[in-house]
Amino acid sequence: MRIQNKFWWFAGVTLLFFVIIIFSMALLFWQQLLPHQHDVLLNIFKKHFAYIFLGLFIILAGFGILLDWVFRIYILPLNKLVEEAHVIASVNPSHRIKPEGSKDIIRLSKIVNEGAERYEQLYQQVRQEILQEYEHAEDEKNILAALIDELPEGIVICNEQGKILLYNQQARLLLEHSECVDIAPNDNGAEVDRSCFIGLGRSIYNVMDAHKITHALDEISRKLVQADEEITAFFVNVDPDNRLLRVETMPLLNQKAEMAGFFLILTDITQQVEFTKEAQFLMENSIQKLRASSAAIRSSIEAILKYPQMKKAQLKDLAQIIHTETISLGDTLERKLSRFSGFVKEHWPLALTGTTDFWRIISRKAKDKLKIDLVWPANETSQQIRIDTYAFSLIFLFVCLQLKKITNRTRFECATNREGRFVCLDLTWPGDPISIEELHRWERHQLIVDDERMPFTFKDIIDSHNAEIWSYFGKQTTQRSYFRFYLPAAKRPLPDSLRRVTVLPEGRPEFYDFDLFNQPGQTPEIDQRPLNELTFTIFDTETTGLNPRGGDEIISIGAVRIFNQRLLQEERFDQLVDPQRPLPKESIQVHGIQPEMLIGKPTIDMVLPRFQQFCRGTILVAHNAAFDMRMLQMKEGQTGINFINPVLDTMLLSAVLHPAQEKHSFDAIAERFGIRIVGRHTAIGDAIATGEIFLKLIPLLAEKGILTLRQAREASQKTYYSRLKY
Amino acid sequence: MASLVLIVDDEPNIVIPLQFLMEKNGYDVVIAQSGEEALEAIAKYIPDLILLDIMLPGIDGYEVCEIVRLRPEWQHIKIIFLTAKGRDVDLAKGMVLGADEYVIKPFSNEELLAKVKKYLPLLNENPK
């Protein structure tokens with residue numbers, strides 16, 4: 001009940017009590033009087049009724065005004081003071097009380113504010129110290145987390161029930177497929193949580209076939225019992241996008257060597273399998289072609305040799321066969337097998353490098369290791385090549401070393417030239433070029449330069465780069481000798497395919513939370529569960545207007561999750577929706593979403609099924625949830641999607657906690673709790689801020705003895721605001 | 001009467017020297033260039049021996065071999081697979097299906113002839 005209503009009830013009851021007492025005394029007095037005295041009194045009453053009535057009215061009115069004054073000056077400010085002082089002490093030390101009411105209360109407010117000032121200073125100082133200590137530990141954790149996040153393999157760690165405790169971005173990319181899996185009922189007829197999202201606390205079985213994982217775990221259990229050395233299990237998963245994932249499963253053991261969970265290491269092998277398949281096909285096909293051709297040639301030749309006296313026409317036929325099959329052989333070798341070798345070379349791990357960068361590296365190394373000066377024009381245009389920088393610099397140094405030995409020179413000029421599809425890296429000197437015979441000798445050499453070596457020959461590395469070498473004398477041009485590397489020119493890749501630079505996050509990244517090992521079982525009675533153990537979806541909608549029944553439509557849904565009392569901002573749902581109706585100008589002023597931003601966006605019947613998947617198994621939380629829920633419910637008929645999740649409302653919960661506050665608007669609560677809103681009136685911005693508010697509400701509710709979902713819902717129902725209808 | 005050899009291969013360049021070789025060694029030769037043609041020729045001529053390629057357009061060599069082995073009246077026909085499929089499994093499969101020999105391309109004429117002669121001793125040693 002609102003504090004005003006409570007007070008006036010109290011005042012009314014008190015007044016009624018006094019009236020009853022006075023009336024009873026008057027009745028007693030009346031009965032003591034004689035009949036003529038009754039007449040005298042009645043006469044006086046009739047004669048002066050106006051005065052008596054006026055007097056009574058003035059007394060009552062005075063009494064009312066006095067009460068109102070007492071209420072506004074003493075009672076209400078005092079109640080507000082209590083609530084706001086509690087806000088300062090509990091969630092927002094920066095909050096200050098607006099002094100109002102009687103002199104004494106204003107003085108008290110000022111004293112509380114002064115105390116708050118000192119408390120805040122002390123609070124910030126201690127917080128700063130703790131933060132500094134914490135940062136160091138957190139940095140190390142962040143490095144680990146960032147590393148896991150950047151691994152090329154997808155990593156997922158689950159507890160025994162398959163709830164996700166850790167995952168990295170690669171796992172999200174590999175597991176969240178374009179199509180959601182259908183919602184399938186389980187044996188009890190209840191819906192199983194089979195959303196297509198990966199997230200902390202969600203089940204791995206939402207995104208991967210449970211049978212395969214169970215099979216792998218059974219295999220691991222068997223290996224554990226047999227004390228097998230190799231305890232991993234593998235399977236291949238094919239997702240709805242026809243991607244092949246190689247999944248390596250490993251157990252996570254507790255101190256007693258029992259399985260406490262499991263790791264999944266995911267590798268996308270689609271390309272690899274395709275490559276192997278294609279290469280194998282090419283190879284088999286070529287071999288069969290070669291066999292057929294050589295069979296025809298051999299058989300014909302042997303026939304000619306055995307029967308030299310054969311008829312001319314027969315001889316001509318056989319000679320013709322030999323001729324055509326020899327051509328076909330050459331063709332197979334040229335087209336199929338060279339394509340095959342190109343295939344293999346394409347898959348050698350080469351990195352995109354600019355030639356000027358390469359010259360810079362190589363000239364420094366040549367100077368340090370071999371005392372050779374490589375001079376290169378600093379202003380030349382850099383060409384892109386693909387090389388294994390280490391291996392290629394080693395063969396370059398090897399060449400320099402050999403050139404030094406042969407020419408007795410310690411200085412060579414370098415140049416880069418582009419010739420069609422090739423980039424030429426030249427070393428030049430005055431004098432004779434290197435003979436082909438000498439080059440052949442180099443090719444067989446193992447790569448050793450100074451203390452650096454590789455278990456490959458010079459030729460191996462040249463071949464793996466699809467490169468060529470030779471040496472010549474520029475007779476018509478420079479009158480110098482050249483040693484030339486021919487390398488295929490590379491194109492700059494699209495930015496998308498470049499690897500991201502790892503930036504350590506400021507806070508703890510949200511994709512891991514080891515506290516989850518202590519999660520309660522899978523299906524407890526949800527109403528009885530403490531609020532701090534539940535998973536929430538905090539959401540907000542932006543709409544074309546404020547009248548759900550009058551045809552206003554959703555144009556944006558934003559949602560984030562709270563899991564284990566952490567707001568998981570990265571696991572977000574942020575979707576613009578085509579409302580299929582014009583946007584009123586007034587609404588654009590509120591949310592800033594222009595009509596052109598909604599062109600081509602999915603319609604609500606496409607968005608809601610996905611949003612329902614996102615929310616499945618969680619408690620919905622919104623500010624003024626009645627409005628957002630009404631917007632969703634208006635679409636039930638059209639989409640067949642019912643949101644049956646339990647709902648909590650931050651506006652009602654704020655009213656439960658702070659009944660003396662006049663305002664429970666989103667901005668007022670955010671200000672009271674010291675929450676900065678990024679992106680006010682965007683669905684996702686508001687959802688995040690609502691989430692932060694909700695996290696601050698949970699401990700305050702607990703202080704009031706509101707611990708479970710049921711208690712929170714029941715308390716909300718009793719507030720004044722819960723009667724608002726949309 | 002000379003023994004009849006059916007050569008089944010879709011590559012004329014291998015058929016011509018084979019035909020020459022067989023005829024030179026005193027065999028009559030019939031030629032088929034697909035599985036269907038081979039089955040027709042078998043029904044029509046009932047050859048003594050088939051030089052059978054595996055990769056044929058339409059019905060492949062394995063299937064032809066299987067069909068021949070299912071017909072009791074064709075049990076006496078010898079089958080030599082002559083193929084570019086050189087993997088162990090291909091060979092094993094051919095033998096399981098009832099082939100008498102499996103020769104991988106490229107082969108020597110002598111080797112092939114020796115195998116043919118094993119099953120079809122020449123009645124008339126005078127070559128054509």
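Me: Which residue does the side chain of Glu101(B) join in a polar contact?
Reply: In this predicted model, the side chain of Glu101(B) makes a polar contact of 3.0 Å with the side chain of Tyr119(B).

Me: Where is Glu101(B) found in chain B?
Reply: Glu101(B) belongs to strand S5 of chain B, which covers residues 101-104.

Me: Is Glu101(B) buried or exposed?
Reply: Glu101(B) counts as buried, because its relative accessibility is 11% and the cut-off for buried is under 20%.

Me: What else does Glu101(B) touch?
Reply: Leaving out residues up to four places away in sequence, Glu101(B) touches Ile79(B), Ile80(B), Phe81(B), Met95(B), Lys115(B), Lys118(B) and Tyr119(B).

Me: How do H1 and H5 of chain B pack?
Reply: Helix H1(B), residues 12-24, packs against helix H5(B), residues 109-119, at an angle of about 55°, and their axes are 11 Å apart. That angle makes H1(B) oblique to H5(B). The contact is made by Leu18(B), Leu21(B) and Met22(B) on the H1(B) side, and by Asn109(B), Leu112(B), Leu113(B) and Val116(B) on the H5(B) side.

Me: Is the crossing of H1(B) and H5(B) left-handed or right-handed?
Reply: H1(B) passes H5(B) in a right-handed crossing.

Me: New topic: where does Trp74(B) lie?
Reply: Trp74(B) lies in a loop of chain B, between helix H3 (61-70) and strand S4 (78-83). With 4% relative accessibility, Trp74(B) counts as buried.

Me: What is Trp74(B) in contact with?
Reply: Apart from neighbours within four places in sequence, the contacts of Trp74(B) are Leu39(B), Ile42(B), Ala43(B), Ile46(B), Val68(B) and Arg69(B).

Me: How many disulfides are there over all chains?
Reply: A search of the whole structure finds 0. Cys414(A), for instance, is in no disulfide, and the nearest cysteine sulfur, that of Cys400(A), is 7.1 Å away. A pair of cysteine sulfur atoms counts as a disulfide within 2.5 Å.

Me: Are Cys414(A) and Cys65(B) buried or exposed?
Reply: Cys414(A) counts as buried at 4% relative accessibility. Cys65(B) is buried as well, with a relative accessible area of 0%.

Me: On to chain A: how many helices and strands does chain A have?
Reply: Chain A has 20 helices and 19 strands. Of its 726 residues, 41% count as buried.

Me: Which residue caps the N-terminal end of H17(A)?
Reply: Asp649(A) caps that end, with a side-chain oxygen 2.8 Å from the backbone nitrogen of Met651(A).

Me: What sits in the loop between H17 and H18 of chain A?
Reply: His664(A) is placed in that loop, and His664(A) is buried, with a relative accessible area of 4%. Its side chain reaches the backbone oxygen of His658(A) at 3.4 Å. A polar atom of the His664(A) side chain also lies 3.2 Å from the backbone oxygen of Gln661(A).

Me: At what angle do H3(A) and H4(A) cross?
Reply: The axes of H3(A) and helix H4(A), residues 103-150, cross at roughly 5° and come within 10 Å. That makes H3(A) roughly parallel to H4(A). Residues that meet there include Ile73(A) and Leu81(A) in H3(A), and Leu108(A) and Val112(A) in H4(A).

Me: Last topic: what is the phi of Lys371(A), and what is that of Asn408(A)?
Reply: Lys371(A) has a positive phi of about 55° although it is not a glycine. Asn408(A), also not a glycine, has a positive phi of about 60°.

Me: Are Lys371(A) and Asn408(A) buried or exposed?
Reply: Lys371(A) is exposed, with a relative accessible area of 57%, and Asn408(A) is exposed at 68%. Lys371(A) is in the loop between helix H9 (355-370) and strand S7 (373-375) of chain A, whereas Asn408(A) is in the loop between helix H10 (389-407) and strand S9 (411-419).

Conventions
Residues are numbered from 1 along each chain as its sequence is written. Chains are lettered from A and ligands numbered from 1 in the order in which they are written. This is a predicted model: local features need pLDDT of at least 70, side-chain atom pairs count only at pLDDT 80 or more; totals for chains, interfaces and linings use all residues. Side-chain values use heavy atoms; hydrogens and water are left out. Helices (H or I, at least four residues) and strands (E, at least two) are DSSP runs, numbered from the N terminus. Buried means under 20% relative accessible area, exposed over 50%, partly exposed in between (1.4 Å probe, protein chains only). A polar contact is a pair of N or O atoms within 3.5 Å; within protein, one must be able to donate a hydrogen and the other to accept it, and residues adjacent in sequence count only if both atoms are side-chain atoms. Contact means heavy atoms within 4.5 Å. Axes are lines fitted to C-alpha atoms, for helices over the stretch in contact, and angles run from 0 to 180 degrees between N-to-C directions. Angles under 35 degrees count as roughly parallel, over 145 as roughly antiparallel, 65 to 115 as roughly perpendicular and the rest as oblique. A crossing is left-handed if the near helix is turned anticlockwise from the far one by less than a right angle, and right-handed if clockwise.
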